[in-house]
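Me: I've got this one open and want to go through it with you. Can you take my questions as they come?

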Amino acid sequence: MPVHHHLRPFHAAIGALAVAGGLLLTGCGGDPDIGDVQDKLSEEAPEELQGALPGVEFDGDSVACPDGQSVAEGEEFDCTITGVEEGREVTYTLSVTMTGEDSFSYRPTNVEVTGGGTTTG
């Protein structure tokens with residue numbers, strides 16, 4: 001069940017966060033694929049998101065991208081990253097745009113908070 005009254009700070013953080021310029025898929029060896037994008041997001045996105053919302057914790061396996069997704073320049077797709085904050089699951093949707101043969105940019109576009117029981121305030 002979504003926790004609607006706690007979404008305001010999460011949505012405010014989404015508006016403040018965007019990764020511009022793009023991330024490079026260096027050291028992949030060969031043509032990049034969706035696994036390379038997912039690995040790079042696993043390295044970069046948690047730090048960016050924790051800067052916006054320090055209470056949310058992520059682990060290395062928290063990013064999921066569509067299996068078999070093309071990573072050709074111009075492709076756009078969504079990945080998710082899930083963390084935990086005070087017993088609640090926080091799932092961000094990241095809009096990914098392939099900006100080059102081996103680079104991409106992303107930005108959070110949605111957040112869903114579930115669990116954790118009731119809260120006050």
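Me: Let's start with glutamate 86. Is glutamate 86 buried or exposed?
Reply: Glutamate 86 counts as exposed, because its relative accessibility is 68%. The cut-offs: buried is under 20% relative accessible area, exposed is over 50%, partly exposed is in between, with a 1.4 Å probe and protein chains only.

Me: Where is glutamate 86 found?
Reply: In the loop between E3 and E4. Helices (H or I, at least four residues) and strands (E, at least two) are DSSP runs, numbered from the N terminus.

Me: And what is the phi of glutamate 86?
Reply: Near 50°, a positive value in a residue other than glycine. E3 and E4 form a hairpin there, with two residues between them.

Me: Before I go on, what kind of model is this?
Reply: A predicted model: local features need pLDDT of at least 70, side-chain atom pairs count only at pLDDT 80 or more, and totals for chains, interfaces and linings use all residues. Residues are numbered from 1 along each chain as its sequence is written, and side-chain values use heavy atoms, with hydrogens and water left out.

Me: OK, what is the mean pLDDT of the chain?
Reply: The mean is 77, and 71% of the residues reach 70 or more. pLDDT is the predictor's confidence in each residue, from 0 to 100.

Me: Which elements have the lowest and the highest mean pLDDT?
Reply: Helix H1 (residues 7–16) has the lowest, 48. E2 has the highest, 94. Over residues 1–11 the pLDDT is below 50. That stretch still has 23 contacts in the model beyond near neighbours in sequence. Contact means heavy atoms within 4.5 Å.

Me: Back to the strands. How many bridges join E3 to E4?
Reply: 10, and E3 and E4 (residues 88–100) run antiparallel. Phenylalanine 77 stands opposite valine 96 in E4. Two strands pair if DSSP finds at least two bridges between them.

Me: What about E2 and E3, in which sense do they pair?
Reply: Antiparallel, over two bridges; E2 is residues 63–64. Valine 63 has isoleucine 81 in E3 as its bridge partner.

Me: Which side chains of E3 are buried?
Reply: They alternate along residues 76–85. Phe77, Cys79, Ile81, Gly83 and Glu85 point to one face and are buried.

Me: What does glutamate 85 form with arginine 88?
Reply: A salt bridge, with the closest N and O atoms 2.2 Å apart. Both residues are buried. The criterion is a side-chain nitrogen of Lys or Arg within 4 Å of a carboxyl oxygen of Asp or Glu.

Me: How many salt bridges does the structure hold?
Reply: Three. Lys40, Glu43 and Glu44 are linked in a network. Lysine 40 meets glutamate 43 at 3.8 Å, N to O. Lysine 40 also meets glutamate 44, at 3.8 Å, N to O.

Me: Why are lysine 40 and glutamate 43 separated by about one helical turn?
Reply: Because they are three residues apart in helix H2 (residues 34–52). Glutamate 44 and lysine 40 are four residues apart in H2, so about one helical turn separates them too.

Me: Is lysine 40 buried or exposed?
Reply: Buried, at 17% relative accessibility. Glutamate 43 is exposed, at 52%. Glutamate 44 counts as partly exposed, at 26%.
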